[in-house]
Amino acid sequence: MDTTKQQEAMTPSAEELLAIARLYWGSDLAYVFRQEPSPEDLRYQALWEEKDVERPRWGAFVKTLRAAIPDCDAWDYAPGLANPSFCVLVYPHQEQHMMRPRITWTVAGYLSILAPLYTVHCVRRVFLGKHLMESKVFLGPVPLELQGIADTVARHIEAEFGATALPLEVAQTPVPLYVNFMKPPETTLFHALFTSEPGNIL
């Protein structure tokens, strides 16, 4: 069995992943104006308390990754409990141009806490001086010049955590769930498993 078929066999179906996501994200806004947390909120908080003990291991992983790609900066990205995942942000070294539009790329690797799955995507940002003019997320094929970095991130996540890459076609499956600021019909499995704001990075 080749690698692609092995990954397909190990990847849960969209239906199975939706069933998992339903445990941690609500399908309505019934608790928005209540003071008490919803059952999904309580399960999500309990899961993060359980997974939080793995944060030192993730920090050590980021250091190992940083050594593996010395021409980049790699940092642990942990926006509180907002994301249902651990995240590493990788920044290729680039020349600084303060007077003309400057394009920067970030490679983001996410390891979900809801299922043994990961994803790697890219964010392109355009600056004029320090002013952010444009930000675009690339969930699909990684630009050729970043392929080596993305492959390195993927290999290290697989080797260290035994996770499987979530195929894009499955990640883009719409789900009837409210994930932070995402709401149906825009919400997808990607948002429920990794982050509701893939472009909101440092």
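## Salt bridges

E160 has a relative accessible area of 37% and is therefore partly exposed (buried is under 20% relative accessible area, exposed over 50%, and partly exposed in between, with a 1.4 Å probe and protein chains only). This is a predicted model, in which local features need pLDDT of at least 70 and side-chain atom pairs count only at pLDDT 80 or more, while totals for chains, interfaces and linings use all residues. Residues are numbered from 1 along each chain as its sequence is written, and side-chain values use heavy atoms, with hydrogens and water left out.

The structure contains 5 salt bridges (a side-chain nitrogen of Lys or Arg within 4 Å of a carboxyl oxygen of Asp or Glu). Side chains of opposite charge can pair when their charged atoms come close. One of the bridges joins E160 to R57, with 3.0 Å between the closest N and O atoms. E160 belongs to helix α5 (residues 147-161) and R57 to helix α4 (residues 55-68), so this pair ties together parts that are 103 residues apart in sequence (helices, H or I with at least four residues, and strands, E with at least two, are DSSP runs numbered from the N terminus). R57 is also partly exposed, at 38% relative accessible area.

A salt bridge also links the side chains of E134 and R124, at 3.0 Å from N to O. Here E134 is in strand β5 and R124 in strand β4, so the pair ties together parts 10 residues apart in sequence. E134 has a relative accessible area of 37% and R124 one of 22%; E134 is partly exposed, and so is R124. R34 and E36 meet through their side chains in a further salt bridge, with an N to O distance of 3.9 Å. The relative accessible area is 42% for R34 and 42% for E36.

## Nonpolar core

The largest nonpolar core has 57 residues (such a core is a set of buried Ala, Val, Leu, Ile, Met, Phe, Trp, Tyr and Cys residues joined through side-chain atoms within 4.5 Å). Inside this core, the residues with the most contacts are W25, V88, V90 and V107.

V88 has contacts (heavy atoms within 4.5 Å) that include the aromatic residues W58, F61 and W75, leaving aside neighbours within four places in sequence. With neighbours left aside in the same way, V88 also contacts V62, L65, A74, V107, A108, G109 and V153.

## Cysteines

The structure has 0 disulfides (a disulfide being a pair of cysteine sulfur atoms within 2.5 Å). For C72, the nearest cysteine sulfur is that of C122, 11 Å away. Seen from C122, the closest cysteine sulfur is in C72, and a separation of 11 Å is too far for a bond. C72 is buried at 4% relative accessibility, and C122 is buried with a relative accessible area of 1%.

L29, V32 and F33 make up a nonpolar surface patch with about 370 Å² of accessible area together (patches use residues with over 30% relative accessible area and no salt bridge, joining like charges within 9 Å and nonpolar side chains, Val, Leu, Ile, Met, Phe, Trp or Tyr, within 5 Å; areas come from the Shrake-Rupley method with a 1.4 Å probe). F33 sits in the loop between α2 (14-22) and α3 (39-51) and is exposed, at 82% relative accessible area.

K130 is placed in the loop between β4 (117-128) and β5 (131-138). K130 counts as exposed, with 77% relative accessibility. K130 and M10 are 120 residues apart along the chain, and 44 Å separates their C-alpha atoms.

P184 and P185 are joined by a cis peptide bond with omega of about 5°. P185 lies in the loop between α6 (168-171) and α7. The loop between α6 and α7 also holds N180, a residue other than glycine with a positive phi, near 55°. N180 is partly exposed at 39% relative accessibility.

P198 is located in the segment after α7 (189-193) and is buried, with a relative accessible area of 12%. Not counting residues up to four places away in sequence, P198 touches Y110, H121, V123, V137, L139 and F190. P198 is 145 residues from V53 in sequence, with a C-alpha to C-alpha distance of 24 Å.
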